[in-house]
Amino acid sequence: MSPSPVLLGCIADDFTGATDLANMLVRGGMRTVQTIGVPDTPLDTPAQAVIVALKSRTAPRDQAVAESLAALAWLKTLGCRQFYFKYCSTFDSTDQGNIGPVADALMTELQTSFAIACPAFPENGRSVYRGNLFVGDLLLNESGMQNHPLTPMTDANLVRVLQRQTPTKVGLLRYDAVQRGANAVAAARSTLLANGVGIAIADAISDEDLYTLGAACADDVLLTGGSGLALGLPGNFARAGLLPHSEHPEQLPVVNGLSAVLSGSCSRATQAQVEHWRSTGRPAFRIDPLELAAGNAVVDEACAFAEQRIRTEPVLVYATSAPEEVSAVQKKLGTAASGELVERALASVARRLRDSGVQRFVIAGGETSGAVVNALGVDALRIGSQIDPGVPWTVSLGAAPLALALKSGNFGTTDFFSKALTMFDELMELSQ
Ligand code: ADP
């Protein structure tokens, strides 16, 4: 059992989505821990919000349901008062699930007959109006998401989308009510409930709407949504006198040691970040997937390069390449095989650098972060201050803490790598 009561227990359907939610809760004043998968031990650190990060977004439906229920069972042991199912702000799912089936299973287990569903995240351009999800000015099904390789979103009407995934009646909590405040939302909910609605897609086009929804759901045992819907939850706990104002939820334990940057993301933002690092004369070693495939000692070379320099300054090891180069490699080696090859190589580099004294890592790429975190044996993170929107510094829990900034592809400004490392130095100076 955690030494202090955990207020909010969250289940996230992917890793970087979990960190995004964690970042939101810390900014709202909650001490937050993120676990990688469902732990098999109790939580032994104080936290007011705990997020279990699953990889269930595109898993087979039954597996996603089983893992989500296992996460819920573990969170219940922490005494959480309220639960949150976090999915993507573009509602990534298929007609088979997994949002509907997971929400159904959580509602049954928590014995509740009503839950809200709201992926809106206005700060990132995601809004829901009359049940339709917009990405910026575009309907979801015209935003590019219709071409997603795993979860193509070809219908922007979320009431219809969700209804195809669940036998529970799906309804709409209209903007007309949300706009008029928490009392109007409560009245609209009663009408929906009387009409047999179990899950209500909620309209929201601004942060204010999300605060209204949060306040209206203060007593709900389960909320479902993107990270935006969580905006109002810390305030609910504070108003109930459960969240002391004086705490510094973002404060991280001291982590000294050397610093390194590992990049396996080929997203546009990461390409610019790698270029920026190199153009400012910082040391960088490029991993070539074709050399890896040929069995050359690329990892040894990368580590030798890094170890010669790392005591003087941080080193970048990267596989980041332009789209033409990536597709040429993928054609030769296969998409999945080349991805895994690079992930395994960066994971080995991370382990060896850790053994050489690196304790602060900036890692670019969602899948890459997952591979590196696994290789380093990290199973839970305390969440600290935000570096850029959606990316906080974190420190792993356990005997030999590591500082980790895990950046998914398109996040972060061009100077993200050096900015993150400088920021961590400053944070450590403040806490020493
Ligand atoms: P992002 O968050 O930008 O999507 P990910 O780490 O999730 O980044 O995914 C990038 C994928 O591309 C990883 O599987 C990585 O191993 C792979 N990769 C990285 N560099 C190369 C490369 N030069 N050629 C082929 N695949 C690469």
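Which residues lie nearest the centre of the second largest pocket? Before selecting them, note that this is a predicted model, in which local features need pLDDT of at least 70, side-chain atom pairs count only at pLDDT 80 or more, and totals for chains, interfaces and linings use all residues. Residues are numbered from 1 along each chain as its sequence is written, and side-chain values use heavy atoms, with hydrogens and water left out.

**Stop one: the pocket.** Select Pro 39, Thr 41, Pro 42, Asp 379 and Ala 380, which lie nearest the centre among the 14 residues of the lining. A pocket here is an open set of points on a 1 Å grid over the protein atoms alone, where a 1.4 Å probe fits, with protein on both sides within 12 Å along at least five of seven lines, and lining residues have an atom within 4 Å of a point. Colour domain 1 (8–239) and domain 2 (258–431), and you will find that each gives at least three residues to this lining; the domain bounds come from an automatic or database domain assignment.

**Stop two: the ligand.** Now select the 18 residues that surround the ligand, the closest being Ser 265, Ser 267, Glu 343, Glu 367 and Thr 368, where a residue counts if one of its heavy atoms lies within 4 Å.

Show the side chain of Ser 265, which has an N or O atom 2.6 Å from an oxygen atom of the ligand; a polar contact is a pair of N or O atoms within 3.5 Å. Continue to Ser 267, where a polar side-chain atom lies 2.6 Å from a ligand oxygen, and then to Thr 368, with a side-chain N or O atom 2.6 Å from an oxygen of the ligand.

Methods
Polar contact = N/O pair within 3.5 Å; in protein donor to acceptor, adjacent residues only side chain to side chain.
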